[in-house]
Amino acid sequence: MTTTEVFEEHRSLLNGVAYRILGTAADAEDVVQEAWLRWDRVAGGEVDNPRAYLVTVVSRLAIDRLRKASSQRESYVGEWLPEPVSDLPDGAERAELADSVEFALMVVLETLSPLERAVFVLHEAFQLPYAQIAQVIGRSEEATRQLARRARDHVRERRPRFEADRAKRRRMTERFLQACLEGDLDGLKGLLADDATLVSDSGGRARSPLRVLRTSHKVGRFLASLSQERNITSFMESVGLEDASDLNTEVTEVNGGPAAVVSASGTPLILLALDVFEDRVQHVYLLVNPDKMSRLRVADPS
């Protein structure tokens, strides 16, 4: 195989590693491209195990980039949510890796240190042995196991519980979306857990809450208000659009699970992702930052 063919054989894996460590598809693509340049320079001739070499390079580049991004995100306007993606690998790999890219998990991974996140991703999502991960991050195997233990405990404590049945989650998302569109406050409160939360990410680019909303009443009241004409107009103006007549809503697969997407003329504007447990919505993630919507695939408006 040529150098290019070897790299392309591993590209999907490398994109998956980089995205899970970084939380943004654009940064992941940049990291994989930089890994390609390094791979091309060595021409593969001095590499006995291309997969291990490439995973190591991508992981180290992603960790370095995440460290820089972490300081930048401290000055981010409002709450920061990961960049959602529609596309996952096909076939068996899709089913195997879908849980490791669930939007709720990606949110929790944001609370880990860069090294903890890398170790968690490489071991839990890609089943790399601790000895190999230790070489990747430049730590002893014992130190790597300690990082993994801390990361696992942290994720276990903070990871929201969610309904495992994807078909049921989709039906709940459809009902929730319909209640939002109708401005049905009672319907929304009937679907929300009493202690439900809403996290909204606008980056200061669109109108949405800058702080976490808590309780079913506050979350429901805000979501019900979105259907009011003045709020639709205000939101459209905030993202630079004038006509709300061609808005389209759909429930589609995002990060391996169901989510509601509102788009205009084929351009995604709003993502609504839910954590559903015991027939109640526990957490609502509302993404309206246009800079993070480019990796969402929506239905053809025609």
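**View 1. Strand 5 and strand 6, an antiparallel pair in a predicted model.** Strand 5 and strand 6, the latter made of residues 280-287, run antiparallel and are joined by seven bridges; the model in which they are seen is a predicted one. Within this pairing, L272 has L286 of strand 6 as its bridge partner. The two strands form a hairpin with two residues between them, and E278 in this hairpin takes a positive phi near 55°.

View 2. A264 is found opposite T267, a residue of strand 5. Here too the strands form a hairpin with two residues between them, and S265, which lies in the turn, has a positive phi of about 55°.

**View 3. The covering of strand 5.** Strand 5, which spans residues 267-277 and is mostly covered, has 10 of its 11 residues buried.

**View 4. The largest pocket.** The largest pocket holds about 540 Å³ of space, and its lining is made up of 24 residues, with L226, S227, I232, F235 and I270 lying nearest its centre. At least two lining residues come from each of helix 9 (166-182), helix 11 (216-225), helix 12 (229-238), strand 3 (247-254), strand 4 and strand 5. Helix 12 contributes the most to this lining, namely five residues. Sorted by class, the lining of the largest pocket consists of 17 nonpolar, six polar and one charged residues.

**View 5. The second largest pocket.** In the second largest pocket there is about 450 Å³ of space. This pocket is lined by 17 residues, of which V107, R158, V199, H283 and Y285 are the closest to its centre. Helix 5 (103-109), strand 1 (192-201) and strand 6 each provide at least two residues of the lining. By class, the residues that line the second largest pocket are eight nonpolar, three polar and six charged.

Conventions: Residues numbered from 1 in each chain as written. Predicted model: local features only at pLDDT ≥ 70, side-chain atom pairs only at ≥ 80, totals over all residues. Heavy atoms only, no water. Buried < 20%, exposed > 50% of the residue type's maximum accessible area, 1.4 Å probe, protein only. Helix = DSSP H or I, 4+ residues; strand = E, 2+ residues; numbered from the N terminus. Pairing = 2+ DSSP bridges. 1 Å grid on protein atoms, 1.4 Å probe; cavity = no way out; pocket = protein on both sides within 12 Å on 5 of 7 lines; lining within 4 Å. Points joined across faces, edges and corners; volume = space filled by probe spheres on them. Nonpolar A, V, L, I, M, F, W, Y, C, P; charged D, E, K, R; others polar.
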